[in-house]
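User: I would like to learn how to read a model of this kind step by step, from the overall layout down to single residues. Could we take the features in turn?

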Amino acid sequence: MSKKTKLTSIVEAAIYLEQIGLNHGATGNCSCRDGDTYLITPSGIETQNLSEDKIVRMNFSGNIVDSISNLKPSSEWRFHQDIMSQRKEVGAVVHTHSIYASTVSLFGSELPPFHYMIAVAGGDSVRCAPYAMFGTQELSDNIINALIDRKACLIANHGLVAIGDNLKEALEIAEEIEHLSQLYIEARKLGEPNLLSKKQMSEVIERFQTYSRWTKV
Ligand SMILES: [Zn+2]
């Protein structure tokens, strides 16, 4: 994929997140790997004002390589960078403050296996990373731990992180986790939902690895 295409993709990803209601204003951020650098949405720019020339290119030492509009990267660049530098298979990271995932995160609780689609995150739960101040190494470390063997996690009192081979996959997973969070909140109004067993979830995870659109391509 050319550099121009990746710039276009990241702007389109940010616009898409706002269009489907997962982000608002200047909250949330996206990044994608591009060779030995990565592209990330800038700090403090509302999506409606975002364009390719406002995307920031960083190296994996945390330095700006290119910022045509002299903007700073998202204040949450550290965990984007740490995820992509520690997980070589990850090509993109999406972070949102979306309503339903953030609501579940306020209780510091994981999403348990109440629905088979929990397996889109790669396991039998979507963990919740403990709270730490945004932009800190502590928060990044907490997220990295919560993402072990997973493609998504909640962040306590904050929001959601989804990762993928590319922006398309990371967006699809973020959208699905937001939907599952809404379902979980609705279910809890009625009581404690039945949970799937480890065996049932392993079967789904295996099936996803073989047949589904979540399969790595
Ligand atoms: Zn955030």
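**Reading the fold**

Analyst: From the N terminus on, the order of elements in the chain is α-β-β-β-β-α-β-α-β-α-β-β-α-α, where helices (H or I, at least four residues) and strands (E, at least two) are DSSP runs numbered from the N terminus. The model is a predicted one, in which local features need pLDDT of at least 70 and side-chain atom pairs count only at pLDDT 80 or more, while totals for chains, interfaces and linings use all residues. Residues are numbered from 1 along each chain as its sequence is written.

User: How many helices and how many strands are there in the chain?

Analyst: The chain has six helices and eight strands.

User: What radius of gyration does the chain have, beside that of a compact globule?

Analyst: The radius of gyration is taken over C-alpha atoms, and the globule rule is 2.2 Å times the number of residues to the power 0.38. For 217 residues a compact globule would be near 17 Å, and the chain, at 17 Å, agrees with this. Along the principal axes, its C-alpha atoms fill a box of roughly 50 × 35 × 30 Å.

User: How do strands pair, and in which sense does strand 1 run to strand 2?

Analyst: Two strands pair if DSSP finds at least two bridges between them. Strand 1 and strand 2 (residues 37-40) run antiparallel and are joined by four bridges, with S31 standing opposite I40. Their hairpin has two residues between the strands, and G35 takes a positive phi near 65 degrees there. Strand 2 also pairs with strand 3 (residues 56-59) in the antiparallel sense over four bridges, and here the bridge partner of Y38 is M58.

User: Why does A26 count as partly exposed?

Analyst: A residue is buried if 20 or more other C-beta atoms, placed from the backbone, lie within 10 Å of its own, exposed if 12 or fewer do, and partly exposed in between. A26 counts as partly exposed because it has 17 C-beta neighbours inside 10 Å. A26 lies in the loop between helix 1 (3-19) and strand 1 (29-34). Leaving aside neighbours within four places in sequence, A26 is in contact (C-beta atoms, placed from the backbone, within 7 Å) with G44, I45 and E46.

User: Which residues have the most contacts inside the largest nonpolar core?

Analyst: A nonpolar core is a set of buried Ala, Val, Leu, Ile, Met, Phe, Trp, Tyr and Cys residues joined through C-beta atoms within 7 Å. The largest has 55 residues, and those with the most contacts inside it are I10, C153, A162, A170 and I177. Helix 5 (residues 167-190) gives the most to this core, with eight residues.

Methods: Two residues are in contact if their C-beta atoms, placed from the backbone, lie within 7 Å.
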